Amino acid sequence: MKLYIITVGNRMPKWVEEAWQDYAKRMPNDCTIELKEIKPEPRTSGKTPTQMMAAEAKRIEAAIPEKTLKVILDEHGKDITTVQLAQHLEQWKNSGQDIAIIIGGPDGLDNTIKNTGHLKLRLSSLTLPHPMVRILLAEQLYRAWSITVNHPYHRA
């Protein structure tokens with residue numbers, strides 16, 4: 001199984017890239033994570049947030065590989081524990097499908113993306129800085145994997 005993290009935003013600071021790479025390289029060959037950055041719509045274009053999200057949605061859809069199950073990160077998504085994420089990870093792995101976890105831009109995600117997701121999740125009830133979301137997600141995916149194989153990284 002491959003986990004695609006599709007996120008609006010590029011040119012992150014070096015520390016974000018280093019933290020992402022640290023967790024990505026920890027994942028085993030049968031559960032790799034790949035980051036796909038989507039260029040955000042310029043916020044100086046005079047477009048409305050709705051228009052910007054629609055333009056970004058087209059780029060997001062183009063980046064999602066065919067026959068991939070979509071998981072949407074959204075502030076109104078289901079709040080789950082790390083153990084529950086591990087259960088989802090195990091189910092996804094058993095399904096044989098690749099997974100695309102989608103992170104929106106500064107204005108969020110267009111409804112065309114939100115409405116096609118198989119699952120909507122919330123990482124936190126807190127408002128998180130955009131660069132931190134991808135790092136937190138990578139760490140939680142690694143932690144969830146560690147739970148599924150009884151690796152000592154997660155100490156419950």
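This is a predicted model: local features need pLDDT of at least 70, side-chain atom pairs count only at pLDDT 80 or more; totals for chains, interfaces and linings use all residues.

Q: What makes up the chain, and in which order do the elements run from the N terminus?
A: The chain holds five helices and five strands. Starting at the N terminus, the order is β-α-β-α-β-α-β-α-β-α.

Q: Why is the chain called as compact as a globular protein of its length?
A: For 156 residues the globule rule gives 15 Å, and the radius of gyration of the chain is 15 Å, close to that value, so the chain is as compact as a globular protein of that length. Along its principal axes, the C-alpha trace spans about 50 × 30 × 30 Å.

Q: What share of the residues of the chain count as buried?
A: Of the 156 residues, 44% count as buried. The accessible surface of the chain is about 8600 Å², and 50% of this belongs to carbon and sulfur atoms.

Q: How do you know that contacts join residues at least 24 apart in sequence?
A: Take the contacts between residues at least 6 apart in sequence: 82% of them join residues at least 24 apart.

Q: How many side chains are positive and how many negative, and how far apart are the centres of the two sets?
A: The chain has 21 positive side chains and 18 negative ones, with the centres of the two sets 1 Å apart.

Q: Which residues of strand E5 are on its covered face, and which are on the uncovered one?
A: Strand E5 covers residues 119-122. Leu119 and Leu121 form its covered face, while Lys120 and Arg122 form the uncovered one.

Q: What joins strand E3 to E5?
A: Five bridges join E3 (residues 69-79) to E5, and the two strands run parallel. Opposite leucine 121 in E5 stands lysine 78.

Q: Why does serine 146 count as buried?
A: The cut-off for buried is under 20% relative accessible area. Serine 146 has 0% relative accessibility, so it counts as buried. This serine lies in helix H5 (residues 130-148). Leaving aside neighbours within four places in sequence, serine 146 is in contact with His151, Tyr153 and His154.

Q: What makes glutamate 139 buried or exposed?
A: Glutamate 139 has a relative accessible area of 12%, and buried means under 20%, so glutamate 139 is buried. Glutamate 139 is also found in helix H5. Not counting residues up to four places away in sequence, glutamate 139 touches Tyr23 and Tyr153.

Q: How do you know whether threonine 50 is buried or exposed?
A: Exposed means over 50%. The relative accessible area of threonine 50 is 52%, so threonine 50 is exposed. Threonine 50 is found in helix H2 (residues 49-63).

Q: Why is aspartate 30 called partly exposed?
A: Partly exposed lies in between the two cut-offs, under 20% for buried and over 50% for exposed. With a relative accessible area of 37%, aspartate 30 is therefore partly exposed. Aspartate 30 lies in the loop between helix H1 (14-26) and strand E2 (32-38). Not counting residues up to four places away in sequence, aspartate 30 touches Met1 and Lys93. From C-alpha to C-alpha, aspartate 30 and threonine 68 are 16 Å apart in space and 38 residues apart in sequence.

Methods:
Residues are numbered from 1 along each chain as its sequence is written. Side-chain values use heavy atoms; hydrogens and water are left out. Buried means under 20% relative accessible area, exposed over 50%, partly exposed in between (1.4 Å probe, protein chains only). Helices (H or I, at least four residues) and strands (E, at least two) are DSSP runs, numbered from the N terminus. Two strands pair if DSSP finds at least two bridges between them. The radius of gyration is taken over C-alpha atoms; the globule rule is 2.2 Å times the number of residues to the power 0.38. Contact means heavy atoms within 4.5 Å. Accessible areas come from the Shrake-Rupley method with a 1.4 Å probe; for residues, only the protein chains shown count as cover. Lys and Arg count as positive and Asp and Glu as negative; His and the chain ends are not counted. The place of a charge is taken as NZ of Lys, CZ of Arg, CG of Asp or CD of Glu.
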